[in-house]
Amino acid sequence: MFSKVPTSLPPHLSLKFIKIYSKSGDLQRARHLFDKIPQPDLPTWTILISALTKHGRAMEAIQYYNDFRHKNYVKPDKLLLLSVAKACASLRDVMNAKRVHEDGMRFGFCSDVLLGNALIDMYGKCRCAEGARLVFDGMPLRDVISWTSMASCYVNCGLPREALRAFREMGLNGERPNSVTVSSILPACADLKDLKSGREIHGFVMRNGMGGNVFVSSALVNMYASCLSIRQAQLVFDSMSRRDTVSWNVLITAYFLNKECEKGLTVFGRMMSEGVELSYASWNAVIGGFLQNGRTEKTLEVLKLMQNSGFKPNTITITVLLPACTNLESLRGGKQIHGYIFRHRFLDDLVTTTALIFMYAKCGELELSRRVFDMMPKRDTVSWNTMIIANSMHGNGEEALLLFQKMLDSGIMPNSVTFTGVLSGCGHSRLVDEGLLIFDSMSRDHSIEPDADHYSCMVDVLSRSGRLEEAYEFIKKMPIEPTAAAWGALLGACRVYKNVDLARIAANRLFEIEPENPGNYVLLSNIFVSAKLWSEASEARKLMRDRGVTKNPGCSWIEVKNRVHTFVAGDKSNDQSDDIYRFLDQIGEKMRFSGYFPNTDFVLQDVDQEEKEEVLCNHSEKLAVAFGLLNLNGESSIRVFKNLRICGDCHNAIKFMAKIAGVQIIVRDSLRFHHFKDGLCSCRDFW
């Protein structure tokens with residue numbers, strides 16, 4: 001096969017031929033010739049590794065570099081490190097990125113601006129802000145690219161405030177931003193909905209003649225749209241002397257973000273009629289826009305038009321479509337998309353597989369989430385976070401902690417979202433000591449300052465375990481203003497542990513923070529009813545009415561034969577209503593024979609015992625479960641979803657129903673997933 005490849009050449013000729021093969025893209029021959037050299041010199045290593053990186057074979061480039069490191073008879077030069085840094089960036093390979101950074105420091109390249117900038121960019125692509133900042137802070141000299149790369153890294157890592165802070169520091173240090181800096185920092189304003197800063201940057205653009213730059217103008221359109229200033233976004237778009245496909249896509253996205261779907265579709269139509277070249281991003285913007293606005297049928301129409309126009313769904317289309325299955329809890333649709341991903345070999349794409357993990361988790365199939373996660377050839381912070389959060393929402397706090405430790409062991413840096421997921425899992429599994437240790441480690445070991453979400457999670461951890469007074473003291477000592485989530489966690493636990501005094505305190509604070517939330521009034525009223533404080537319960541309901549706050553009714557839904565069936569308490573609108581109530585009567589007898597007794601404490605009305613039992617039987621989740629059991633069609637499990645927290649009696653009843661029917665019943669309420677099987681629930685009766 002390689003008969004035409006010269007062998008046994010002197011070093012200078014080997015280098016010449018490797019250069020020729022590398023430049024022409026014939027990397028197979030270049031590698032074959034390279035492998036015949038007993039001790040390749042530094043230029044030879046550099047040429048081959050650079051060529052592999054340039055031609056998209058980053059993994060091979062890193063493998064060769066690791067081989068180079070192990071030989072350890074010559075130190076790398078700047079050009080070699082630059083090539084490997086680019087390879088790590090393209091793969092988002094943070095572990096090898098750290099090795100390249102360490103080599104740069106060990107071999108004396110700390111003061112090199114070009115390599116420093118490349119390392120910051122590399123860490124930004126790997127979404128490792130800590131590594132980028134370490135490089136940045138160690139640079140004795142910085143140029144505009146250094147500052148731009150650092151700000152861009154913060155944006156990529158989901159840290160827009162830090163990005164804006166770096167942008168301001170840049171000006172204070174006398175470094176003048178260029179058009180790349182501006183187009184990189186404007187997304188931070190968009191993420192924060194910071195219209196004031198966005199306008200200031202717009203003023204800088206106009207004063208410095210950057211308005212003609214298509215990237216800057218597109219970023220301005222996106223910023224104004226994200227800040228819901230759609231008129232200003234349109235004005236910037238109309239003033240553009242030159243518009244590329246990206247700028248059209250940005251405006252389309254802007255209208256959909258502003259819930260003006262028809263205008264977004266009009267711009268898309270205008271784009272087509274004016275002969276602007278459509279891209280995948282154009283189609284995905286329209287598909288995603290309709291999905292985000294609940295226009296599922298229109299989404300499918302555009303998807304069909306896209307395919308008829310010669311565009312097959314790509315990885316971005318898939319990641320746009322998967323959340324639709326997630327939001328609709330459509331497991332069948334998600335599995336069809338999974339099949340498409342497998343057939344088209346998209347499983348190596350991190351974003352796609354991460355979206356697949358979340359879809360399965362939200363649809364109640366945690367085991368399938370785990371299988372997808374285990375098959376991933378590489379994982380980044382987001383994929384680890386998704387798997388941790390998936391276990392937390394299913395109440396598997398121990399597994400969430402185990403995953404967190406494996407994440408650290410694999411060299412992936414956690415971020416703020418990681419700790420929110422882990423602490424949430426600790427709350428659901430009553431892992432108080434572990435939660436406190438994790439919380440304390442955030443700033444001490446990982447340099448991440450806890451935010452409002454983390455403090456709220458800790459209140460939840462303490463509250464769910466019954467340590468209400470400790471949770472209240474924790475709230476009072478918080479260095480930031482307690483949010484509704486913190487007070488809400490305490491109020492919810494007050495009902496479980498029947499602490500009326502703390503319930504009053506928590507509810508009064510919630511009435512100030514979010515007076516329009518009906519759940520707080522209802523929960524306080526229910527706490528009073530449980531304590532037989534009828535007068536105070538009436539006062540809570542009256543306060544709700546006087547403020548014009550209305551309660552969203554509890555409802556449950558289930559998908560059967562590609563159709564979603566919704567139930568409310570006492571619902572008789574379903575075609576099978578008679579069968580449902582007859583089934584509940586029949587299985588109710590079997591349940592009583594097995595030891596079930598209705599817990600009428602969960603009927604928060606002052607009525608007699610018989611009426612209370614009848615009310616319990618009519619709860620929406622029981623109706624949905626009964627409907628699912630009547631329509632099993634050979635399935636071994638059913639999935640029911642509820643918009644509110646499942647009540648204690650329904651939770652107990654469904655354990656008996658699952659055991660008697662011999663199936664697994666998965667219920668997702670507003671707090672978590674419950675897996676009922678063989679008379680037990682995965683939450684171990686703690687939720």
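Me: How many aromatic pairs does the count come to here?
Reply: In this predicted model, the count comes to 18 aromatic pairs. One of them joins phenylalanine 268 and tryptophan 283, whose ring centres are 5.2 Å apart with the planes at 70°, and because planes over 60 degrees apart count as edge-to-face, the pair is edge-to-face.

Me: Which helices do phenylalanine 268 and tryptophan 283 lie in?
Reply: Phenylalanine 268 belongs to helix α16 (residues 261–273) and tryptophan 283 to helix α17 (residues 280–292), so the pair ties together parts that are 15 residues apart in sequence.

Me: And are phenylalanine 268 and tryptophan 283 buried or exposed?
Reply: Both phenylalanine 268 and tryptophan 283 are buried. Phe268 and Trp283 also form one aromatic cluster with Tyr280 and Phe311.

Me: OK, what about phenylalanine 439 and tyrosine 455?
Reply: Phenylalanine 439 and tyrosine 455 make an edge-to-face aromatic pair, with 5.2 Å centre to centre and 70° between the planes. Phenylalanine 439 is in helix α26 (residues 432–446) and tyrosine 455 in helix α27 (residues 452–464), so this pair ties together parts that are 16 residues apart in sequence.

Me: What relative accessible area does phenylalanine 439 have, and what about tyrosine 455?
Reply: Phenylalanine 439 has a relative accessible area of 10% and is buried, while tyrosine 455 is buried with a relative accessible area of 11%.

Me: Switching to charges, which ring does the charged end of arginine 379 sit over?
Reply: The charged end of arginine 379 sits over the ring of phenylalanine 373, at 4.2 Å from its centre. Arginine 379 also lies over the face of tryptophan 384, 5.4 Å from the ring centre.

Technical notes: Residues numbered from 1 in each chain as written. Predicted model: local features only at pLDDT ≥ 70, side-chain atom pairs only at ≥ 80, totals over all residues. Heavy atoms only, no water. Phe/Tyr/Trp six-rings, centres within 6.5 Å; stacked < 30°, edge-to-face > 60°. Helix = DSSP H or I, 4+ residues; strand = E, 2+ residues; numbered from the N terminus. Buried < 20%, exposed > 50% of the residue type's maximum accessible area, 1.4 Å probe, protein only. Lys NZ or Arg CZ within 6 Å of the ring centre and 35° of its normal.
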